[in-house]
Amino acid sequence: MTGKDSAPLFTQFTAPEALPDGLVQALVDCWTEVSDAGGAAGFPFPPVDPAEVAAAVDRIVTGLDPASSRLVVATVDGALAGWLCLRRDTFPLVAHWGTLHHVQTRLAVRGRGIGADLVRRARAIARDEMGLEQLRLAARGGVGLEDFYGRLGWREIGRWPGALRLAADDDRDEILMVLAPL
């Protein structure tokens, strides 16, 4: 990453064919880097297999749809700095809320507010473009994520105690959070 003072550019994608060349590989590289550094982004046991990460990215990309699944990316000087996935179920009983998944930033840009800005951007997209009334997420306990999201207006609504087993002697709570109203 270059341009320590460069402002991030935020872009959303709603269809697989809209992704520019190289973005899929950049997503794989970011997710691998974050997971291997111990990040709580979907792969619990570093080092991760890049082929598994690529398959997961492919599932996200092929599932993009303006009504139900959007990819929000942050770039700095043209390079991927972070990303997240915003999803909703279109079934009428639950179509008023969505979920955030895989919120992550490259290690080289940490501390610049890019992750917080990604979450804020997702909130605006959910409210203004998708017509959602609330967002939900599940976060791994023990790594400070509840504090990160709490600073952005999210509140903890419950926990699944010991739901995540990272090692034989390392069970973590899964923290359930909500952001409402948007």
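In this predicted model, buried residues make up 41% of the 182 residues in the protein. The protein has four helices and seven strands, and from the N terminus on these elements follow the order β-α-α-β-β-β-α-β-α-β-β. The radius of gyration is 16 Å, close to the 16 Å that the globule rule gives for 182 residues, so the protein is as compact as a globular protein of that length. Its C-alpha trace spans about 40 × 40 × 30 Å along the principal axes, and of the contacts with a separation of 6 or more, 62% are accounted for by residues 24 or more positions apart.

Helix 1, residues 23–36, has 14 residues and reaches 20 Å from its first C-alpha to its last, close to the 20 Å expected at 1.5 Å a residue. Its buried residues, among them L27, W31 and V34, pack against strand 1, helix 2, strand 2, strand 3 and strand 4. Just after helix 1, G38 takes a positive phi of about 95 degrees.

The largest pocket has a volume of about 920 Å³. Of the 39 residues that line this pocket, A40, A41, V103, L145 and Y149 are the closest to its centre. Two or more lining residues come from each of strand 4, helix 3, strand 5, helix 4 and strand 6, and strand 4 gives the largest share, eight residues. The lining is divided by class below.

| Class in the lining of the largest pocket | Number |
|---|---|
| Nonpolar | 21 residues |
| Polar | twelve residues |

Note on methods:
Residues numbered from 1 in each chain as written. Predicted model: local features only at pLDDT ≥ 70, side-chain atom pairs only at ≥ 80, totals over all residues. Heavy atoms only, no water. 1 Å grid on protein atoms, 1.4 Å probe; cavity = no way out; pocket = protein on both sides within 12 Å on 5 of 7 lines; lining within 4 Å. Points joined across faces, edges and corners; volume = space filled by probe spheres on them. Nonpolar A, V, L, I, M, F, W, Y, C, P; charged D, E, K, R; others polar. Expected span 1.5 Å × (residues − 1). Buried < 20%, exposed > 50% of the residue type's maximum accessible area, 1.4 Å probe, protein only. Contact = heavy atoms within 4.5 Å. Rg over C-alpha atoms; globule rule 2.2 N^0.38 Å.
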